[in-house]
Each structure stands twice: as structure tokens, then as C-alpha cells.
Amino acid sequence: MQETFAFSIPALRIGSHALPNAVILAPMAGITDAPVRRMAVRYGAGLVISEMVASEALLVGHPEMVLRAEGEGVPLHAVQIAGNDPYLMGEAARVAEAAGACIIDINMGCPAKRVTTGAAGAALLRDLPLARAILEAVRGAVSVPVTVKTRLGWDDAASTAVDLARMAEESGLAMVAIHGRTRCQFYTGRADWTAIRAVKDAVSIPVIANGDVVAPADGPAILEASGADGVMIGRGAQGRPWFPGRVARAIAGLRGTADPGLEEQRAVLLELYEGWLGLYGRALGVRQARKHVGWALDAAAAGTGEVRASIVTGWRKRLLVLEDPAQVKAGIAAAFDDIMWRAAA
């Protein structure tokens with residue numbers, strides 16, 4: 001019998017879609033590709049969202065953008081699009097829907113300079129009329145639910161998340177996700193979970209809280225602080241595709257929220273590695289996998305509480321320069337053997 005605790009929240013719906021739980025894997029460029037999303041779903045994430053897809057590039061069939069929008073094996077396929085032209089954003093949403101997207105998410109929160117200098121991402125927090133035009137164009141272009149991910153504002157002097165959330169609701173969007181930082185904070189300092197409550201109080205559509213959820217207990221904590229309807233997890237899932245599912249268990253009050261054992265973690269990483277090779281091809285797959293391998297080694301060592309950082313650094317230096325997939329996979333197996341041996345010593 002599974003022991004339970006008292007904390008729980010209502011099931012989350014996005015339009016006509018009922019999610020199995022209210023924990024969402026955030027869209028992260030270069031990270032939440034199809035293999036990672038499939039694995040996160042297997043371990044219990046309620047929803048997973050694709051990497052950010054540039055609208056204009058998707059419209060012309062840019063190979064990288066097509067790969068980013070890939071959703072094979074994901075039961076509820078959500079694609080995030082980015083851009084600053086309402087017409088092109090609407091057309092990109094049509095393309096994504098025609099390719100199988102069940103949900104379209106609009107990026108109005110990316111803080112990267114290469115995105116904001118193009119008046120996209122978080123830059124739209126400084127141009128709310130344009131933001132509204134994009135929300136309305138995308139909502140009008142597709143029949144599937146549309147959501148938006150944003151931040152508290154551009155900086156501390158301009159907290160615009162409440163205004164944008166109200167516009168999203170008025171435009172017919174089904175959900176808004178708020179990262180508890182401004183654009184100018186990037187990822188520094190602590191996310192302000194309590195500031196998200198003002199957004200929740202202002203709209204009736206679901207509000208999802210995002211930022212600094214790095215341990216299972218952070219799930220119930222961010223919900224209590226923000227009053228939000230669900231949790232979105234970004235960097236906390238790097239190297240740990242099982243983590244959103246563990247947070248969902250914590251929110252439901254279930255035991256079993258710890259990371260999987262090291263042997264299981266190794267098996268997950270090796271399966272993901274094959275997925276990256278299959279998705280990207282050998283040459284690009286090896287390169288795309290490197291950051292994930294590094295994060296997975298960090299997560300494995302951190303979970304033991306015993307293995308020194310220098311050990312992981314040594315394995316990183318050996319593995320992340322290899323070009324032969326067979327050598328990388330053998331190295332992953334050896335690295336985990338080493339970590340397990342040192343943790344048990």
C-alpha cells in the first residue's frame with residue numbers, strides 16, 4: 001500500500017486536454033528534444049513541451065526547427081513557437097498543428113539576447129500591443145489550445161505579467177506559465193514565487209509557476225507560495241528526466257520521490273544516447289548528447305553525497321571529447337561503475 005500525505009491539487013486541464021498531473025517539463029532550447037520528452041513522460045511528467053521553434057524557420061522547413069518540433073512517441077504533443085510577427089506566428093502555429101501538435105505554446109519569456117534583440121521572447125513584455133496581436137493571431141490560426149510562457153516583466157520597474165496574463169485570457173488562451181524572474185535577472189538570484197500569486201488572482205485560466213524547482217519538496221512549496229495551478233520545471237530536470245515525475249509524486253503526497261538508483265540512471269542515459277543518435281544522426285547526435293552526458297554525471301555524483309566533484313570532472317574531460325559513439329557508451333558505463341564503486345567504498 002502506497003503511503004500518502006495530505007497535500008494535493010486539482011487535476012489540470014488545458015482546453016479539452018486533461019493532464020495526468022500538474023507538473024510540466026518546460027520548453028528549453030537545445031535540451032527538451034524528443035528523446036528527453038519521451039523519457040520525462042515515461043517517468044511521470046504531466047506534460048512536456050518542445051524546444052523553442054523559430055516561427056519563420058519552421059515555415060520554410062528549416063531542418064533544425066523541424067527536428068525541434070518532432071513529437072513522435074509523446075502522447076500529448078506540445079510545440080513552443082517564437083517570433084515577433086503576428087501573421088508568421090499564426091502561420092507557424094498552423095504548420096505545427098498540421099504536423100500533429102495538440103497544444104501550441106507561445107514564447108514570451110526567453111531572456112537570451114539573440115532572441116530579445118529580434119523583438120521576440122521576453123522583449124514582448126516591453127511591447128504589449130504587439131504581444132496582444134501575436135496572442136490573437138495564434139489563437140485565431142489553430143483549433144488546438146494555445147498557451148503562453150512568460151516572466152514577471154522586463155525588469156523590476158516594469159512588472160507586466162498580470163497585464164499579459166489578462167490579455168492572454170481575453171484572447172482565448174488556455175493557460176499561462178510564469179517564470180518568477182524578470183528578463184533582466186536572467187537566471188540570477190532566486191525566483192520570486194510569491195509574485196506569481198498576483199497573476200493567479202488576476203485571471204481564471206490555469207496559471208503555472210516556474211523557477212528554481214530543484215528538489216521534490218519544491219513542488220508543494222512553489223504551489224503554496226504562488227497559489228498556482230501547476231508547476232513547470234526547467235533546469236532542475238537537466239540530466240534528470242525523471243525529476244518532473246518525482247515532483248508530481250511529492251505534490252500528490254506519495255513516497256518514492258528520490259532519484260532512481262545509479263544502475264537505472266545509467267540505463268536511462270544509454271537509452272537516451274541511442275535516441276539522440278537516431279534523431280540527429282551520428283555526427284550531430286554525438287555533439288548534441290555531450291551536455292546531457294555531463295549533466296547526468298553531475299546528477300549521479302550529487303545523488304551519492306560521497307563522490308568528489310573532481311571525479312566527475314575527470315570523466316567529463318574524457319567523455320565529452322570523444323567522437324565514436326561506441327567509445328562514449330563504453331565510457332558512460334565505466335563512469336557509472338566508478339561512481340557506484342566510490343559511493344559504496
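This is a predicted model: local features need pLDDT of at least 70, side-chain atom pairs count only at pLDDT 80 or more; totals for chains, interfaces and linings use all residues.
## What a contact is

Contact here means heavy atoms within 4.5 Å.

## Methionine 28

Methionine 28 touches Ser50, Glu51, Gly234, Arg235 and Gln238, leaving out residues up to four places away in sequence. To find methionine 28, look in the loop between strand S3 (23-25) and helix H1 (34-42). Its relative accessibility is 11%, so methionine 28 counts as buried, the cut-off for buried being under 20%.

## The annotated binding site

Which residues does the UniProt annotation "binding site" cover? According to that unreviewed entry, they are Pro27, Met28, Ala29, Gln80, Lys149, His179, Gly234 and Arg235. Of these residues, Met28 is included in the lining of the largest cavity. Gly234 and Arg235 belong to the annotation, and methionine 28 touches both of them.

## Histidine 179

Histidine 179, another residue under the annotation, sits in strand S10 (residues 175-179). Is histidine 179 buried or exposed? It has a relative accessible area of 5%, and histidine 179 is therefore buried.

Setting aside neighbours within four places in sequence, histidine 179 is in contact with Lys149, Thr150, Arg151, Leu152, Tyr187, Asn210 and Gly211.

## Histidine 17

Our last stop is histidine 17, found in strand S2 (residues 17-18). Histidine 17 counts as buried because its relative accessibility is 19%, and the limit is under 20%. Apart from residues up to four places away in sequence, histidine 17 touches Leu12, Leu76, Cys102, Ile103 and Pro145.

Terms used
Residues are numbered from 1 along each chain as its sequence is written. Side-chain values use heavy atoms; hydrogens and water are left out. Helices (H or I, at least four residues) and strands (E, at least two) are DSSP runs, numbered from the N terminus. Buried means under 20% relative accessible area, exposed over 50%, partly exposed in between (1.4 Å probe, protein chains only). UniProt positions are given in the numbering used here, feature names are shortened, and annotations may be inferred rather than shown by experiment. On a 1 Å grid over the protein atoms alone, a cavity is a set of points where a 1.4 Å probe fits but cannot get out, and a pocket is an open set with protein on both sides within 12 Å along at least five of seven lines; lining residues have an atom within 4 Å of a point.
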